[in-house]
Amino acid sequence: MNTDEHEHVIEVTGLRRVYGGGFEAVRGISFTVDRGEVFALLGTNGAGKTSTVELLEGLAPPTDGRIRVLGHDPYTERAAVRPRTGVMLQEGGFPSELTVDETARMWAGCVSGARPPLEVLDLVGLARRTDVRVKQLSGGERRRLDLALALLGDPEVLFLDEPTTGLDAEGRRDTWELVRALRDRGTTVLLTTHYLEEAEDLADRLAILHEGRIAATGTPAEVTAAQPARISFELPEGYFVGDLPPLGELGVSGHEVDGSVVRLRTRELQRTATELLVWADRAGVELRRLDVRSASLEEAFLGIAAREEVAA
Ligand SMILES: Nc1ncnc2c1ncn2[C@@H]1O[C@H](COP(=O)(O)OP(=O)(O)OP(=O)(O)O)[C@@H](O)[C@H]1O
């Protein structure tokens, strides 16, 4: 195990996964997750998130590459890793005739040193639903039950595959709170998500997967900073783009004109916006529908997907 200041609880090196039919879903990815970090794997449908997480959980051996979870190979040393990890799968798949309480107690029987079932049900907001049969739960409540079961063993490392899919906005925020609370207690969390807002809000670091490869990785701010900011406005009547100051001198890296609307991309948002406003002020014109915004993770995500498609 790494004895650096940052202990790598998860280490993935050159990971590949080729399915039986020959399809290569994971094409050589490497990343590390430190103790107490929340790490998000993002990606378009079919990018390889679940294929990767299943390997980290030790459900299958990698075709190639190396994985260490808490210093062990999760597949060949499953007995050493499994008791210290919690897994929330995309489909829980427990018997739907059992009640919430029965399900949690049954699961607790399979976990060594399990926490009291009611305690974890309370954590996920299901304490009042203990007598309800699983089949009668809403989709969101089932996801919460999945999460409760993953927490029964008080895991050091928690794998959450799309933990908030099917939850309403309030349920999603509750889950985020819970993940943050777990992180604050030192739990390491690896989650996959389709919700960029979730990754932006929750993840200390993230990787964007695209077609089995990592297209970008870093903190949400680092990944976002690699994208240009945007300014858009309506040209004042009688003005053309050529009437603006030379765009290159404003720090503009690209622009589009759509009728009277101008859209600028810039990596120097403050300078471009300031100089544009100074120009408008001096010209005595109003820039209507002015919109100035930093890049969001969503733009980074869409930019990566589009760029990779062109490159493919
Ligand atoms: N058992 C399998 N056999 C063959 N191909 C598979 C198998 N499981 C997944 N795939 C393929 O591998 C690719 C990656 O799938 P994976 O489920 O890992 O993606 P994902 O990023 O989790 O997608 P989603 O967001 O839709 O859940 C997809 O093209 C999928 O069709």
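Two residues are in contact here if their C-beta atoms, placed from the backbone, lie within 7 Å. The model is predicted: local features need pLDDT of at least 70, side-chain atom pairs count only at pLDDT 80 or more, and totals for chains, interfaces and linings use all residues. Residues are numbered from 1 along each chain as its sequence is written.

**Whole chain**

Of the contacts with a separation of 6 or more, 68% join residues 24 or more positions apart.

**Two domains**

Select 8-224 for domain 1, then 228-294 for domain 2. These bounds come from an automatic or database domain assignment. The C-alpha centres of the two domains lie 44 Å apart.

**V33**

Next, select residues 24-34, strand β2, and pick out V33 within it. V33 counts as buried because it has 24 C-beta neighbours inside 10 Å. The cut-offs are 20 or more other C-beta atoms within 10 Å for buried, 12 or fewer for exposed, and partly exposed in between, with C-beta atoms placed from the backbone. By that count, 37% of the 312 residues in the chain are buried. Leaving aside neighbours within four places in sequence, show the contacts of V33: H8, V9, I10, F39, T188 and L190.

**Helices α3 and α5**

Select residues 100-108 (α3) and 139-151 (α5), whose axes come within 10 Å and cross at roughly 25°. That makes α3 roughly parallel to α5, a label for angles under 35 degrees. Axes are lines fitted to C-alpha atoms, for helices over the stretch in contact, and angles run from 0 to 180 degrees between N-to-C directions. Show side chains for V100, T103, A104 and W107 in α3, which meet L145, A148 and L149 in α5. By class, this contact has six nonpolar, one polar and no charged residues.

**T175**

Last, select helix α6, residues 169-184, which holds T175. Is T175 buried or exposed? It counts as buried, because it has 23 C-beta neighbours inside 10 Å. Beyond residues up to four places away in sequence, T175 touches L147, P163, T164 and L167. The C-alpha atom of R82, 93 residues away along the chain, is separated from that of T175 by 23 Å.

Definitions and conventions: Helix = DSSP H or I, 4+ residues; strand = E, 2+ residues; numbered from the N terminus. Parallel < 35°, antiparallel > 145°, perpendicular 65-115°, else oblique. Nonpolar A, V, L, I, M, F, W, Y, C, P; charged D, E, K, R; others polar.
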